[in-house]
Amino acid sequence: MGIAEGLTHADSVVQEVLDIWTPRFLAGGVPIGDLTATVRRMASWDDWAPEWMSTAAGHEGRADALAASGRRASATEAYLLASRCYHLAYFVATRDPALHEQGLAKMLETYEQALPHLRPAVAKVEFGTDGTRCVGLLSVPPGPGPHPVVILLPGLDSTKETRHGGRSRWIDRGFAILSMDGPGQGEASRWSVVRPDYEVAVSAALDWIETRPQLDPVRVGVVGASLAGYYAPRAAAFERRVRATVANCGPYDWGACWSELPVVTREAFAHYAGTADLADAGERASAFTLAGVAAQIRTPLIVFHGELDPLIPWSQGERLAQEANGEFVLVPAGNHGLNNLPYTWMPQAVDWMAEHLGVGTA
């Protein structure tokens with residue numbers, strides 16, 4: 001049986017994707033009806049991207065009609081749903097590069113149709129140069145500031161758009177939120193590849209924050225889940241302007257996880273790393289390790305990990321916390337990213353960050 005009723009499939013790759021990521025899809029706002037209907041139209045994994053593109057196109061068409069009739073609020077909601085479904089179409093579907101790029105382009109296009117009308121407000125920004133050129137989404141709470149900042153990092157296959165969807169809980173507490181596409185992520189994957197020294201991207205973000213009067217460059221925290229659960233502590237080890245770090249289900253050693261990862265995840269890493277094949281990708285993955293790095297973290301760190309994480313063993317999160325002298329929270333029955341039990345970590349993460357950045361309980 002799949003995690004949700006009706007989500008079983010004869011194709012083993014489709015079934016593995018459903019078993020691992022259904023909680024993420026639902027937590028991200030994809031309706032269960034869309035999920036079941038789209039999956040039922042698939043004969044195999046090769047149908048994943050085309051069928052999600054079809055579902056997304058239906059929402060985009062509805063959004064266009066609502067916008068044309070002046071129903072802007074409803075159109076914005078429909079554009080966001082279209083964007084989520086376009087993201088599902090391409091996020092780990094990389095065997096057809098042209099279709100992958102089409103899904104990425106449509107995800108960005110539909111999100112930007114909604115962008116001017118989002119509440120809390122969202123501004124698109126760029127910072128960094130050359131290999132550290134990044135794109136971000138910024139939301140700022142009311143008042144003149146300067147506001148403490150939380151930087152939300154995507155993992156291997158998430159994006160600034162998916163990460164920014166959770167901005168309200170942070171803004172309500174007085175944080176400004178910057179979610180970003182760094183090297184090899186989301187929009188930035190068009191001109192860069194993933195790199196183990198992710199601190200270069202966080203440093204570019206911090207340099208940019210220092211130029212914004214409404215943002216407080218002294219009170220900056222970083223939050224990362226999945227592969228960003230490696231990126232965030234890596235940045236904290238080398239970038240002293242990071243004051244506090246939250247890692248969720250990230251790898252201590254990505255290479256050590258490689259052989260047990262789903263094939264679509266290995267294919268996605270190969271794509272985002274720009275490698276020739278899975279063998280080259282596996283060698284590249286071995287560079288993504290916190291060995292000799294975690295002990296260099298000097299600022300507060302908290303690590304959350306799901307006991308039943310099928311991608312990253314929880315022992316990797318525990319090792320990170322131990323070597324960095326941080327806190328470790330093991331969530332029984334927790335899946336990858338804890339999307340099946342979000343209440344077990346997100347409120348605690350917000351409270352913890354508020355305490356360490358000196359933010360009041362508004």
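Predicted model: local features only at pLDDT ≥ 70, side-chain atom pairs only at ≥ 80, totals over all residues.
Mentor: Residues are numbered from 1 along each chain as its sequence is written, and side-chain values use heavy atoms, with hydrogens and water left out.

Trainee: How do you know that strands β1 and β2 pair?

Mentor: Two strands pair if DSSP finds at least two bridges between them, and five bridges join β1 (residues 123-127) to β2 (residues 134-139), which run antiparallel. Strands are DSSP runs of E with at least two residues, and helices are runs of H or I with at least four, numbered from the N terminus. Within this pair, Lys 124 stands opposite Leu 137 in β2, and in the hairpin, which has six residues between the strands, Gly 128 takes a positive phi near 85°.

Trainee: What makes β1 and β8 the edge strands of the sheet?

Mentor: The open sheet of eight strands has the order β1-β2-β4-β3-β5-β6-β7-β8, with mixed pairing, and β1 and β8 (327-331) are its edges, as each pairs on one side only. An example of parallel pairing is that of β3 (residues 147-153) with β4 (residues 176-181), over four bridges, where Val 150 stands opposite Ile 177 in β4.

Trainee: Why is α2 called oblique to α3?

Mentor: The axes of α2 (residues 32-40) and α3 (residues 48-68) come within 9 Å and cross at roughly 135°; axes are lines fitted to C-alpha atoms, for helices over the stretch in contact, and angles run from 0 to 180 degrees between N-to-C directions. Angles under 35 degrees count as roughly parallel, over 145 as roughly antiparallel, 65 to 115 as roughly perpendicular and the rest as oblique, so α2 is oblique to α3. The contact (heavy atoms within 4.5 Å) is made by Asp 34, Leu 35 and Thr 38 of α2 and Glu 51, Trp 52, Thr 55 and His 59 of α3.

Trainee: What makes α1 and α11 roughly perpendicular?

Mentor: The axes of α1 (residues 12-27) and α11 (residues 263-273) come within 9 Å and cross at roughly 85°, and the two helices are therefore roughly perpendicular to each other. Their contact is made by Val 13, Glu 16, Val 17 and Trp 21 of α1 and Val 263, Val 264 and Thr 265 of α11.

Trainee: Why is the pair of Trp 314 and Phe 328 called stacked?

Mentor: Rings of Phe, Tyr and Trp (its six-membered ring) pair if their centres lie within 6.5 Å, and planes under 30 degrees apart count as stacked, over 60 as edge-to-face and the rest as tilted. A search of the whole structure finds 16 aromatic pairs, and in this one the centres are 6.4 Å apart and the planes at 25°, so the pair is stacked. Trp 314 lies in helix α13 (residues 314-323) and Phe 328 in strand β8, so the pair ties together parts that are 14 residues apart in sequence.
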